[in-house]
Structures are given as structure tokens and as C-alpha cells.
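Subject: Structure handover

Hi,

Here is the structure I promised to pass on to you. Have a look at it first, and then read on for what turned up.

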Amino acid sequence: MKPRPSFPARLDSAAAAPKVVQTTPAPLTVPLAARPQGLGMDSSAHRMRMVQLLQKQGVQDAAVLHAMATIERHRFVDSALVNQAYEDTSLPIGLGQTISKPGVVSRMIELLRNGASGKLGRVLEIGTGCGYQAAVLSLVASEVYSIERLRGLHDKARENLRPMRLPNVHLLFGDGMVGYAKGAPYAAIIAAAGGEAVPQAWVDQLAVGGRLVAPVVAPSAKGGSQALLVLDKTATGIRQTLLEAVHFVPLKSGVA
Ligand code: SAH
């Protein structure tokens, strides 16, 4: 008899709690032969553990925690990495880029929401990557516009998101440094890549009352280290707050 599949394989003992009802997993985009043992088991237990860790790290916004518990991060990483999908770690997604750590994704979206009781309005994401954060955002915002400058990743995100049928996610191929004026003004803007400064176009496209969260190279930091910037656009001007250190891939101009 074939061993009962578990997910992730590395957490066998923890994951082996007997489960009588087994749901059929939705089809994955990886070929059957390439699927690691383990995706047969319901991955929600692993997401719940991840969410508990996020709560311990201080994330409180129920909508964010719910979104993190709902979106299946293992669908966005290479089949060889699925066993690490629910660890709080960034992982390679090809072309030298990475999927952000769940801790950072939830922290940034919580900052972006700033305690909002309902859904955010239109959100602009710079750096679609594999599409994971766009999927999380789709559950806490009315519309998500997400731009990626690398064609290979734009296509990958499209493929990853297709089976999820998220009608409020709009994937755009282009240079996110110029934002996306057609969707403006945005209730919130979030960048997944860090530059020297926040491009003026982002500030212009942010609604009054809106908030932008982005990694920036900290002015005082040596060696180009980054910090999280929160920028609020108010009727009287711009308020900026620099928070903790973060590590993001660089924001680059142009497309490739
Ligand atoms: N949110 C992504 C993280 C991807 S990493 C996820 O969930 O997977 C950041 C991405 O930003 C990379 O894919 C990189 O190519 C992209 N990027 C960097 N500069 C950019 C720019 N000017 N416009 C659009 N995307 C950019």
C-alpha cells in the first residue's frame, strides 16, 4: 500500500495526525511526476501554523490573517520548494527574484490597511513576482493592479493565478517606476522591490487619505540596507515614517 501522503514531507511527524476525511486536492500546475509526495494532504494545517506564527510576530488585523490562511502559498513556488512554502522565509522564483517572506507580506499589508474595518479600495502593487502577494491583496482590497517588469515572471504569475479565478486582480507588464495612471487614484500602493527613493509617480497616483508602504534604501544606512517606509498622503501634505530594516530585491527601471 502506498504511504499516506503528507505535506510537507519534512514535517511528517507533526503532520501525521490522523485525518479520516481527505479532500481531493485541486489540480496543480506542476506535472504529476514532479509533484512531491505530500500535496495530497490538506495544506491548511500548515497555513494555520504559519498564521499562528504571524500572530506571535505581532500581526493582528483579522482580514490579513484570514487572507494569509486562505491563499495557498505552495502553489506559487517551484515544486522542489513546496516543503518550505509555509516557513517564514523568502524563496527563489526564478530570474534572480524571490517570493517575499509571509511575515513581511502580512506586516506590509497590515500597515497598508491601517486598521481599515472593511476592504481597501484600489491597490497598486509594484513587483508582481510570482503573484502571491497579489492574491493575498485580492482578499482585502476591491481591486488589485499589479505590475511586473520581467516578462517571464509576469507570465508565471498569470499562470499561477489563473486557476484561482480572482476577477479583481489585474496583472500588468511594464515598468512599475511610473506606476499605472489608468487605475489611479489608489487607496494604497505597495512595493515589493526597494529603490533609493519613492518615485514621484507613486505619490501622485496615491489618493488623498491613501497610504504607501515600500522598502527604501535607508538614507543613513551603510551598504545600501533597506528600511520599510510608510507614506501617508493627507489633505495637508505627505507624512513619512521609517520603520524596521527589511531585505528586498532592487527596484529597477525599464522592462526585460
Ligand atoms: N510580490 C512578489 C514579490 C516579488 S519580488 C511575490 O509575491 O512574489 C519583487 C519583484 O519586483 C521582482 O519580480 C522584480 O522583477 C520586480 N520589480 C523590480 N523593479 C520593478 C519595476 N520597476 N516595475 C515592476 N516590477 C519591478
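A term to start with: a crossover is right-handed if, with the strands pointing away from the viewer, the path from the first strand over the helix to the second runs clockwise. Please keep in mind that this is a predicted model. In it, strand 3, helix 5 (residues 132-138) and strand 4 form a β-α-β unit that is right-handed. Strand 4, helix 6 and strand 5 make a right-handed β-α-β unit as well.

Some of the pairings in detail:

- Strand 3 and strand 4 are parallel and share 6 bridges; Leu120 has Ala141 in strand 4 as its bridge partner.
- Strand 4 also runs parallel to strand 5, joined by 5 bridges, and here Tyr145 is partnered by His170 in strand 5.
- Strand 8 (residues 206-217) and strand 9 (residues 226-234) are antiparallel, with 7 bridges; Ala214 stands opposite Leu229 in strand 9.

On the aromatic side, the structure holds 3 aromatic pairs. In one of them, the ring centres of Tyr145 and Tyr186 are 5.9 Å apart; their planes stand at 70°, so the pair counts as edge-to-face, the cut-off for that being over 60 degrees. Because Tyr145 belongs to strand 4 and Tyr186 to strand 6, the pair ties together parts that are 41 residues apart in sequence. How buried are the two? Tyr145 has a relative accessibility of 16% and counts as buried, while Tyr186 is buried at 0%. Together with Tyr180, Tyr145 and Tyr186 form one aromatic cluster.

Finally, two arginines sit over rings. Arg73 lies over the face of Tyr132, 5.6 Å from the ring centre, and Arg151 lies over the face of Phe173, at 4.1 Å from the ring centre.

Best wishes

Notes
Residues numbered from 1 in each chain as written. Predicted model: local features only at pLDDT ≥ 70, side-chain atom pairs only at ≥ 80, totals over all residues. Heavy atoms only, no water. Pairing = 2+ DSSP bridges. Helix = DSSP H or I, 4+ residues; strand = E, 2+ residues; numbered from the N terminus. Phe/Tyr/Trp six-rings, centres within 6.5 Å; stacked < 30°, edge-to-face > 60°. Buried < 20%, exposed > 50% of the residue type's maximum accessible area, 1.4 Å probe, protein only. Lys NZ or Arg CZ within 6 Å of the ring centre and 35° of its normal.
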